[in-house]
Amino acid sequence: MNVVDDKTVVREYFNQTGFDRWRRIYGDGEVNKVQLDIRTGHQQTVDTVLGWLNDDGNLAELTICDAGCGVGSLSIPIAQSGAKVFSSDISEKMVGEAKERATALGLANNPTFLVQDLEELSGKYHTVICLDVLIHYPAEKAIVMIEHLASLADDRLILSFAPKTFLLTILKRIGEFFPGPSKTTRAYQHREAEIVKMLESCGFKIKRDAMTSTSFYFSRILEAVRR
Ligand code: SAH
C-alpha cells in the first residue's frame, strides 16, 4: 500500500467506523474493557502534555497548533487555560464532534477548528502538538510529517507515537486495537532514534519525554524545543 492510500484509508476510517469507535473511547460513556484501558491510557498522555504546558507558567500567552485534534481531548482543556488554539484534523466528523464538545462547554471562538490534512497546514505557532496520529503512518511518511510540523513551530513541537520497542507486545494485541469491522487501518510503530534524528536536523533538541503504557495503549511522548 502506498502512502497516498494510507492517508485515504485513514481519512475514511475516521469519517466512518473509526469515528464511532474513537468518539466513544474519547468520551465518558460505557465502553468495553479494552476500550476503557485505551481511554485511560490516552487520558494519561493528554494529562502529561497538559502538565508540561502548565508547568511552564506561560500557557495563556501562547499560540498552539493541535494537528490531528480528534474530538478535542487536548485542544479543549488548552483553550480553557487561555492559550489561543488552532485545531485541525483530516476527518470532518472528528472536527464536527470536537466543535460540538467545545460549544457545549461555552467555548465559542477558541479553539478554532479546521478540516485539514496536517501536511497542508501553514502559519507559525509557538507550540505545535501532534498526539497519537503518527501511529497511522509508516516510518517514511511519519518522518516527512514531522519535518512539516517542525516548520510550523517557532519554539516547540510535542509528538507522541507508538515506540518500536513495544512492537511484539502490540502485534500480539493488535486485533484489540481495531477489532471486528473497525479493523480498517493498521498501526505503525516508530523508532525513537529516527524521530529524534529528524527533530535534531530541524534544529530541535529534546527537553522532556514520557511514556504512557497500559495493557493495550502505548504512547511515547517527546517535547522538542528549538536549540
Ligand atoms: N490527537 C487527538 C486525536 C488522536 S486520534 C488526541 O490525542 O486526542 C488520531 C486523529 O488523527 C484522528 O482524528 C484522525 O482523523 C487524525 N489524522 C490522521 N491523519 C491525519 C492527517 N494526515 N492530518 C490531520 N489529522 C489526521
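This is a predicted model: local features need pLDDT of at least 70, side-chain atom pairs count only at pLDDT 80 or more; totals for chains, interfaces and linings use all residues.
Local features were taken at pLDDT of at least 70 and side-chain atom pairs at pLDDT 80 or more, whereas totals for chains, interfaces and linings use all residues. Residues are numbered from 1 along each chain as its sequence is written, and side-chain values use heavy atoms, with hydrogens and water left out.

Helices (H or I, at least four residues) and strands (E, at least two) are DSSP runs numbered from the N terminus.

Polar contacts are pairs of N or O atoms within 3.5 Å; within protein, one atom must be able to donate a hydrogen and the other to accept it, and residues adjacent in sequence count only if both atoms are side-chain atoms. A polar backbone atom of G68 lies 2.6 Å from a nitrogen atom of the ligand, and a backbone N or O atom of L118 is 2.8 Å from a ligand nitrogen atom. An oxygen atom of the ligand is 2.6 Å from a polar side-chain atom of D89. The ligand taken alone exposes 570 Å², of which the protein buries 99% (Shrake-Rupley method, 1.4 Å probe).

Cavities and pockets were located on a 1 Å grid over the protein atoms alone: a cavity is a set of points where a 1.4 Å probe fits but cannot get out, and a pocket is an open set with protein on both sides within 12 Å along at least five of seven lines; lining residues have an atom within 4 Å of a point. Grid points are joined across faces, edges and corners, and a volume is the space filled by probe spheres set on the points. One cavity of 30 Å³ or more was found. The largest cavity has a volume of about 540 Å³ and is the space taken by the ligand (more than half of the ligand atoms within 2 Å of its grid points). Its lining consists of 37 residues, with Y26, L131, D132, V133 and H136 nearest the centre. The lining of this cavity contains 24 nonpolar, nine polar and four charged residues. Helix α3 gives the largest share, three residues.

The largest pocket holds about 270 Å³ of space. It is lined by 16 residues, and Y26, Q43, G72, S73 and R101 are the closest to its centre. Seven nonpolar, six polar and three charged residues make up this lining. α3 (33-55) and α4 (75-80) each supply at least two of the lining residues, with α3 giving the most, four.

D132 has a positive phi, near 55°, and lies in the loop between β4 (125-130) and α6 (139-152). A cis peptide bond with omega of about 5° joins N110 and P111. P111 is placed in the loop between α5 (92-104) and β3 (112-115). In helix α1, N15 makes a side-chain to side-chain polar contact with S91 at 3.0 Å. The N15 side chain also reaches the backbone nitrogen of E92 at 3.2 Å.

Terms used:
Ala, Val, Leu, Ile, Met, Phe, Trp, Tyr, Cys and Pro count as nonpolar, Asp, Glu, Lys and Arg as charged, and the others, Gly among them, as polar.
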